[in-house]
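Please keep the sequence and the model in view while reading.

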Amino acid sequence: MRLLIVEDYAPLRDSLARGLRDAGYAVDAADNGVDGLWYAENHPYDVVILDVMLPGLDGFALLGRLRAAGNAARVLVLTARDTVNDRVTGLDLGADDYLVKPFAFDELLARVRALVRRRYERVEPVIRIADLEVDTRARRAQRAGRPLDLSAREYALLEYLAHRVGHIVSRGELWDHAYDEAAEPGSNVLDVHISRLRKKVDDGHDGKLIHTRRGQGYMLGELR
Amino acid sequence: MSSIRARLTVTSLVAVAGGLIALAFALYAAVRDVALQEHDAELRARAEALSAIAEREDGGYELNLPAMPGAFAQAWRPDGSVLARTPGLVTDMEMRLGGFDLTLADGRPGRAYGMAFTPREEGRQPPADGPLVLVLAEGIEEVERTGAVVRARFLVLGALALAAIGALTAWTLARALRPLGALTAALAEIDDSRLAVRLPLADQPAELVAPVRTLNELLARLEASFARERQFTANVSHELRTPLAGLRTLLEVSVRSPKPGDAAAALAIVVEMCGLVESLLLLARLDGGQLAIERDDIALAALVDACWAPYQALAAARGVAFRNRIAADAGIASDRDKLRVVVGNLLSNAAEYTDRGGWIEVTTGDGAVLDVTDSGPAIPEAELARVFDRMWRGDAARAATGVHCGIGLSLARGLATQLGLALTARSHGDGRVSFRLTEL
């Protein structure tokens with residue numbers, strides 16, 4: 001899952017980015033509203049974590065622009081302003097959630113997970129495909145009751161494919177949602193990660209779940 | 001506590017009662033006067049009738065005065081000897097002409113009328129020894145009774161009038177003072193959450209228009225001041241929450257991670273927050289008037305260098321050049337710690353807001369104790385007056401650094417004033433901005 005952080009206070013921005021990357025997300029960060037808007041308009045983020053008081057373009061204005069353009073990213077507004085009025089303004093402008101500074105990082109993680117589920121219209125934190133279970137809360141997966149030993153990147157790829165179960169996901173889309181700007185671009189990185197993931201998920205099982213559609217991309221699901 | 005209503009009622013009643021009493025006396029005197037004149041005329045007529053019975057015989061006079069109930073008379077010969085007295089009159093009366101007051105022989109107050117006359121004698125010339133004198137006196141109970149009646153009626157009417165006037169005054173005052181009661185009720189409803197209320201000016205009596213207008217102005221000032229205070233508190237809480245959020249997230253992420261945490265970054269945040277809390281405390285003490293001022297001889301150039309040190313890295317990172325042009329021997333006698341805060345805030349402000357690639361120059365002279373000029377950006381004239389306001393932010397959405405919730409320059413000016421210095425800001429028109437400290 002790919003996230004964007006727009007926050008001007010450097011220590012908070014850097015810590016958030018580090019914490020979220022440690023939690024397995026692909027994270028981009030911007031320190032002002034103008035850059036934030038550019039990032040959001042040019043990358044398909046799943047969740048945008050947005051500060052309100054920003055130089056250049058404030059968070060509410062950025063949110064308004066995103067929603068006016070029909071951007072589907074879930075937006076978590078992060079602010080030190082906690083009056084009812086501020087919350088109402090933010091939610092009315094199309095924010096999906098609201099967190100007042102200072103906050104517990106665990107709570108932020110939980111809210112980000114919930115926003116990702118809502119992004120893919122899921123209620124359950126555990127996605128089940130045949131005998132494969134992807135637990136988005138614990139960020140773990142198991143197949144036929146046996147836990148899979150996945151790296152953070154492999155898990156990210158699996159979770160995105162799981163959210164899009166039954167759909168063909170293009171390589172570009174997969175790249176966009178599982179890798180951030182900091183990742184080395186190069187398509188064989190994705191090939192390597194996918195082949196490792198496939199080995200861990202499908203080896204030793206009769207029903208293969210990860211399928212390659214030549215020239216189109218990948219699909220997670222049972223073939224009928 | 002004296003009430004206007006009671007005072008006005010009592011005062012007007014005393015005035016009216018005084019007027020009524022004076023009027024009563026005047027009326028009583030006038031009525032008595034008229035009654036006395038009538039009484040005198042009657043006495044005179046009776047005296048003339050009595051005088052008609054006097055006779056002149058053989059060079060002497062003869063007069064037999066009859067007894068009259070309640071009245072006395074006495075007659076004198078031209079030589080002053082007593083000619084006759086009414087029976088029962090044993091002491092002499094005063095021999096006087098015209099009407100006069102006296103005490104009757106039986107002790108009653110009375111009125112007398114004296115007349116001179118010459119008894120007629122057929123066929124003879126009037127005698128050469130002059131006229132006789134007759135005085136007739138009578139009690140004046142009648143006159144006194146008339147006066148008493150007038151007085152009694154007047155007293156009753158006066159008391160009634162007084163009661164009516166008192167009631168009317170009290171009623172009118174109660175009505176006239178009703179707007180005051182309404183104002184009091186309206187003011188009692190106002191608390192700090194309802195300061196937007198204004199008292200109605202229409203339908204107020206003329207006397208209340210000025211106080212109501214003044215109260216409304218006071219309310220407007222209170223409202224503005226409460227709004228400023230609220231905004232300031234909100235800003236302070238925002239500026240404290242942002243670094244606190246940074247610190248908490250930094251520590252939580254570090255705790256979760258097997259890699260060592262960034263202690264230097266955490267320390268930087270704590271130092272930043274300490275600075276903010278320090279400034280807030282200083283500001284509170286300044287507001288409370290609890291600042292003790294000390295005096296040291298301070299070398300200005302060294303002080304400026306020391307104040308600049310914390311911002312050197314920031315300025316260097318932004319490509320801002322710093323020039324300390326103060327002569328090495330320039331000095332000032334002032335409070336070192338407080339002057340350091342003032343200069344530190346000016347330099348911090350300049351370091352933060354001067355455009356990338358610009359410069360900051362500190363000088364003395366030209367009437368200034370200290371002058372911090374930077375290359376811009378310019379501050380618009382309209383905002384220049386507000387930079388020292390406690391919550392001013394040139395751009396509400398400026399980078400949140402934790403120390404710029406509009407405290408720095410406000411604190412600097414407050415401290416400067418305590419040190420006997422004036423802190424002013426000036427835009428030069430070419431983009432340069434100067435902050436100057438001058439002797440007050």
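## A sheet in chain B

In strand β4(B), A84(B) is the bridge partner of A75(B). Strand β3 (residues 71-76) of chain B runs antiparallel to β4(B), and three bridges join them. Strands (E, at least two residues) and helices (H or I, at least four) are DSSP runs numbered from the N terminus; two strands pair if DSSP finds at least two bridges between them.

The model is predicted: local features need pLDDT of at least 70, side-chain atom pairs count only at pLDDT 80 or more, and totals for chains, interfaces and linings use all residues. Residues are numbered from 1 along each chain as its sequence is written, while chains are lettered from A and ligands numbered from 1 in the order in which they are written.

The open sheet has five strands in the order β4-β3-β7-β6-β5 (chain B), with antiparallel pairing. At its edges stand β4 (82-85) and β5 (98-103) of chain B, each with a single partner strand, so one side of each lacks a neighbour in the sheet.

A residue is buried if 20 or more other C-beta atoms, placed from the backbone, lie within 10 Å of its own, exposed if 12 or fewer, and partly exposed in between.

## Chain B overall

Chain B has nine helices and 14 strands. Of its 440 residues, 24% are buried.
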